[in-house]
Amino acid sequence: MHFLSNEVLSIEIAAKGAELQSIYHLQNKLEYLWSGDAKYWGKKSPVLFPLVGGLKNNQYNYNGNAYQLGRHGFARDNEFNVLERTPDSITFSLRSNKQTKIVYPFDFLFKVKYSLRDSQLTVAFIVENTGDYELLFSVGAHPAFAVPIDKNLQYEDYYLQFNKTENAGRWPLSADGLIEANSIPLLQNETKLPLNKELFYNDAIVLKHLNTDSISIVSDKSAKGIKVSFDGFPYMGIWAAKDADFVCIEPWYGIADNVNSNGKLTDKEGIIKLPSNQIFEAAYKIELF
């Protein structure tokens, strides 16, 4: 386990998956990350790479070949190396190898950087195309936050606060985890989404191209909350396991296959196409109060 702290926050990160394991507020004496109770969902904040979501028939086609790859890709199941450490940051790396090329025939260097500043944690994704050909990938976050934050309150005391008014439909997921062809109404000239556990009984809430660039988990009964900022991310997932005491706020550069997908990686919605020797960077921020 790897640790990083300042006067306000203390975090823990596992080498496996470069996965965040704890965000502890030293002044509030409060853990903000989900416990990882395997009865509901055993992970806490997996990193999604080189795919976000699932593939139709769990496979994709590239250059005339078919490849099998599970939901959210393989990064979360691989050991990362510590590439760099400073007093206020730690950077993990995963490089393509013989095992990754069996399911994903690309050369890459994938880095996840955690940085602390006051009460804010920044998580940066850096993808470098180390090969001679275009790199096709998606990348995303999946942090699960404990709700209720204040243990004297109930799950239903909280709501999601969008920082801009939204007219946004929810894109349903099929039984196979694919995006349905049409959205259904969710937010209609609204900035708030009240939380209740039934929201997630039909899997994640998937949103596309929001005006919003931050979502907060807050309650009118408490001053404690969480703000997740995700400027530039085109897709958003909001999810919880059935009846579990957490909410995931998931900024994505990429999305699951559509039910009508043709299976070609080059045609996949949201896929990033990175030229040789180029670098892609994206970051989201978690502010605790």
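Start by selecting β1 and strand β2 (residues 9-14), which pair in the antiparallel sense over 4 bridges. Keep in mind that this is a predicted model. Now pick out H2: opposite it, in β2, stands I13.

Widen the view to the sheet. It is open and has 4 strands, in the order β1-β2-β3-β4, with antiparallel pairing. Colour β1 (2-5) and β4 (30-31) next; these are the edge strands, each pairing on one side only. Strands of a sheet pair through backbone hydrogen bonds.

Next stop: K242. Find it in the loop between β19 (235-239) and β20 (246-253). Is K242 buried or exposed? K242 counts as exposed because its relative accessibility is 55%, and the cut-off for exposed is over 50%. Show Y40 and Y201 as well: K242 is in contact with both, leaving aside its neighbours within four places in sequence. Then select F200. F200 and K242 are 42 residues apart along the chain, yet their C-alpha atoms are separated by 6.6 Å.

A search of the whole structure finds 2 cavities of 30 Å³ or more.

For the largest cavity, select S45, P46, V47, Y114, V123, F125, G140, A141, H142 and Y284, which line it. The space inside the largest cavity is about 40 Å³. Its lining has 7 nonpolar and 3 polar residues, with no charged ones.

Finish at the second largest cavity, with about 30 Å³ of space. Select its lining: L55, Q59, Y60, D257, S261, G263, K264, L265 and K268. By class, that lining has 3 nonpolar, 3 polar and 3 charged residues.

Key: Residues numbered from 1 in each chain as written. Predicted model: local features only at pLDDT ≥ 70, side-chain atom pairs only at ≥ 80, totals over all residues. Heavy atoms only, no water. Helix = DSSP H or I, 4+ residues; strand = E, 2+ residues; numbered from the N terminus. Buried < 20%, exposed > 50% of the residue type's maximum accessible area, 1.4 Å probe, protein only. Contact = heavy atoms within 4.5 Å. Pairing = 2+ DSSP bridges. 1 Å grid on protein atoms, 1.4 Å probe; cavity = no way out; pocket = protein on both sides within 12 Å on 5 of 7 lines; lining within 4 Å. Points joined across faces, edges and corners; volume = space filled by probe spheres on them. Nonpolar A, V, L, I, M, F, W, Y, C, P; charged D, E, K, R; others polar.
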